[in-house]
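The entries below follow the order in which I went through it.

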Amino acid sequence: MTKDTSTQEDQTDATARRAKGEFVRGVSGFRHAIGDPEFPAEPGRYHLFVALNCPWCHRVTLARSVLGLSEAITMDVAFPNRTGEDDPVGANLWEFAPNRVATLTGTPLPECTVETGTGEGLRLAKQVYQREGSDEQSVPILYDKVQGRIVSNESAEIIRMLDGHARALGSTMSDPFRLVPEDPSEQQDIAALNDRIYVTINNGAYKAGFSSDQSVYAAAFEAYFETLEYLEHLLSDGRPFLTGDEFTEADLRLFPTLYRHDPVYYVRMKLNGARILDYPHLWRWLCRVYALNGVADAGSLIHCRQGYFGRSWNGVVPIGPLKPKYPEAYHQPDLAG
Ligand SMILES: N[C@@H](CCC(=O)N[C@@H](CS)C(=O)NCC(=O)O)C(=O)O
C-alpha cells in the first residue's frame with residue numbers, strides 16, 4: 001500500500017511539533033486489504049465500525065452507500081461524544097451506547113447502535129483493537145467477521161477496496177460505477193486533487209482548529225481558503241464535478257469537510273474566513289453531490305454538531321446557523337446567488 005501525503009501526515013519531528021502546539025495526526029496501523037489472500041472479497045463478510053461525526057468515517061459511509069454496499073457490508077455507529085474522564089477504561093474512547101442522550105436534542109440518537117460486528121457486544125472501539133493486542137483506538141475500522149480480525153483502519157485505503165471490489169462484495173447496483181476510473185490521466189488528476197485536499201482541507205481543518213499555536217493556525221487558515229479559491233475557480237468552467245462530468249473519489253473525499261464547514265467548522269475550527277455559501281460554484285457543487293443517490297443518508301449534521309461541540313468548551317452545542325438552516329440549505333443550489 002502506498003504511504004503518500006494524500007493519505008497521511010508527514011510524521012517528521014511529530015513529537016517536537018506537537019510540543020510546539022501543532023496538531024499532528026497519527027498513522028493508521030492496520031493496512032491489510034480486501035483482495036489479499038486472507039481477505040477475499042465476499043458479500044456479507046465485512047463490517048464497519050464508525051462514528052458519523054468523524055470525517056474519515058464519512059468517506060467510508062459515503063463509499064458504502066453510493067456503491068450500493070449498504071446491505072452487503074454491516075455497520076455499527078458509535079455515540080458522537082467519546083468517553084469522559086470518569087470512564088473506567090479511559091477518556092476519549094469511542095463508545096457503542098445507543099441509550100446515551102445527546103445534549104443537542106435531549107434524546108438518544110437513533111443512528112447509534114450497540115456493537116454487533118464481533119458478536120461479543122463490546123462497549124468500546126478500543127476493545128476491538130485490544131482483541132488483537134493493539135493499543136490503537138480510532139475509527140473507521142473495517143472488520144472481517146469470518147476471521148474475527150481487523151482488515152484496515154485507514155479510510156483512504158478502505159474506500160479504494162470498496163470501489164475496487166464492489167461487485168464481488170455484493171453491490172446492489174447492476175453496474176456499480178467506479179470512484180477511480182481506469183483512465184491514467186484521470187487517475188493523475190484525482191491523485192493531485194486528493195493530495196492538495198487532504199493536506200489543506202481534510203486534515204488542514206484540524207490543523208487550524210486543534211492547533212494551539214497562532215502561527216500554525218494562521219498558516220493552516222490561509223492554505224485552507226487558498227484551496228477553496230482554487231476549487232471555486234476549477235469549477236467556474238461549468239464542470240459538474242472536480243475532474244469533469246463524473247463524480248469521482250476526489251469529490252467523495254472533499255465532501256465531508258465542506259458539508260461540515262458552514263454548520264460546524266466555521267465556528268469550531270475557527271475557519272471563519274468565509275462560508276461555502278459565499279462561493280457560488282462550490283456551493284452548487286456541494287448541493288449537487290448532496291443530491292446524489294445515497295449521499296444524504298450517509299452522514300448526519302446532528303452527530304457532527306453534537307460530536308464537535310458536545311465535547312469542547314462547556315459542552316453546550318450552538319443552535320445556529322439559522323439563516324439558512326443546515327442541511328436543508330443543501331437542497332437550495334441557487335441560495336448562493
Ligand atoms: N487516517 C485515519 C484517521 C482516522 C482518525 O483519526 N479518526 C479519528 C476520529 S475523527 C479518531 O478516531 N481518533 C481517535 C484517536 O486516534 O485516538 C483514517 O483516515 O481513517
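I took a polar contact to be a pair of N or O atoms within 3.5 Å; within protein, one must be able to donate a hydrogen and the other to accept it, and residues adjacent in sequence count only if both atoms are side-chain atoms. The model is predicted, with local features needing pLDDT of at least 70 and side-chain atom pairs counting only at pLDDT 80 or more, while totals for chains, interfaces and linings use all residues. Residues are numbered from 1 along each chain as its sequence is written, and side-chain values use heavy atoms, with hydrogens and water left out.

A polar side-chain atom of W94 lies 2.9 Å from a ligand oxygen atom, and for N153 a polar backbone atom is 3.4 Å from an oxygen atom of the ligand. Taken alone the ligand exposes 510 Å², of which the protein buries 84% (Shrake-Rupley method, 1.4 Å probe).

**Ligand shell.** The ligand is surrounded by 13 residues, the closest being R25, W94, V139, E154 and S155. By class I noted five nonpolar, five polar and three charged residues in this shell, where Ala, Val, Leu, Ile, Met, Phe, Trp, Tyr, Cys and Pro count as nonpolar, Asp, Glu, Lys and Arg as charged, and the others, Gly among them, as polar.

**Pocket.** On a 1 Å grid over the protein atoms alone, a pocket is an open set of points with protein on both sides within 12 Å along at least five of seven lines, a cavity is a set where a 1.4 Å probe fits but cannot get out, and lining residues have an atom within 4 Å of a point. The ligand sits in the largest pocket, meaning that more than half of its atoms lie within 2 Å of the grid points. I read a volume of about 880 Å³ for the largest pocket. Of the 34 residues that line it, F23, R25, W56, R82 and S138 are the closest to its centre.

**Cavity.** I searched the whole structure and found one cavity of 30 Å³ or more. The lining of the largest cavity consists of P55, W56, R59, N202, R253, P256 and T257.

Notes. Near = heavy atom within 4 Å. Points joined across faces, edges and corners; volume = space filled by probe spheres on them.
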